[in-house]
Amino acid sequence: MTPETIRELIEAGLPGARAHVQGDDGVHFEALVICDAFAGKLPLARHRMVYATLGDLMGGAIHALSLKTQTPAEAGEG
């Protein structure tokens, strides 16, 4: 698994999202996901939205994913 593949999956599953993913060992990753759809949602709900884009890869090909989720306003973009 590559950071680029994870980025593509997240961005495809959350229209309008921008994901920045890092990870050097192929199983442990960190991601910053910025998406308008996060507005008004608690962190747990945001994380579930991201995990849903990755489906069965979580716990399999992706052993661990550390998430930071923000709206564009929270990221200083709005």
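Just after helix α2, G55 takes a positive phi of about 50 degrees. Helices here are DSSP runs of H or I with at least four residues, strands are runs of E with at least two, and both are numbered from the N terminus. This is a predicted model, in which local features need pLDDT of at least 70 and side-chain atom pairs count only at pLDDT 80 or more, while totals for chains, interfaces and linings use all residues. Residues are numbered from 1 along each chain as its sequence is written, and side-chain values use heavy atoms, with hydrogens and water left out.

Helix α2 covers residues 43-54, twelve in number, and reaches 17 Å from its first C-alpha to its last. That is close to the 16 Å expected at 1.5 Å a residue, where the expected span is 1.5 Å times one less than the number of residues. In α2, R46, V50, T53 and L54 are buried (under 20% relative accessible area; exposed is over 50% and partly exposed in between, with a 1.4 Å probe and protein chains only). Because they cover an arc of only 105 degrees around the axis, these residues sit on the same side of α2; the arc is that of the directions from the helix axis to the C-beta atoms. On the other side, L44, R48 and A52 are exposed.

## What the buried side meets

The buried residues of α2 pack against α1 (3-13), β2 (28-34) and β3 (64-70), with contact meaning heavy atoms within 4.5 Å. Let's zoom in on T53, which has a relative accessible area of 15%. Leaving out residues up to four places away in sequence, T53 touches L9, I10, G13 and L14. A polar atom of the T53 side chain also lies 2.6 Å from the backbone oxygen of V50.

## Salt bridges

Side chains of opposite charge can pair when their charged atoms come close. With a salt bridge taken as a side-chain nitrogen of Lys or Arg within 4 Å of a carboxyl oxygen of Asp or Glu, the count comes to four. E4, R7 and E11 are linked in a network. The closest N and O atoms are 2.3 Å apart for R7 and E4, and 2.5 Å apart for E11 and R7. In helix α1, R7 and E4 are three residues apart, about one helical turn, while E11 and R7 are four residues apart, also about one turn.

R18 and E77 meet in another salt bridge, at 2.0 Å from N to O. This pair links distant parts of the chain, with R18 in strand β1 (residues 18-22) and E77 in the segment after β3, 59 residues apart. R18 is partly exposed at 32% relative accessibility, and E77 is partly exposed at 45%.

Key: A polar contact is a pair of N or O atoms within 3.5 Å; within protein, one must be able to donate a hydrogen and the other to accept it, and residues adjacent in sequence count only if both atoms are side-chain atoms.
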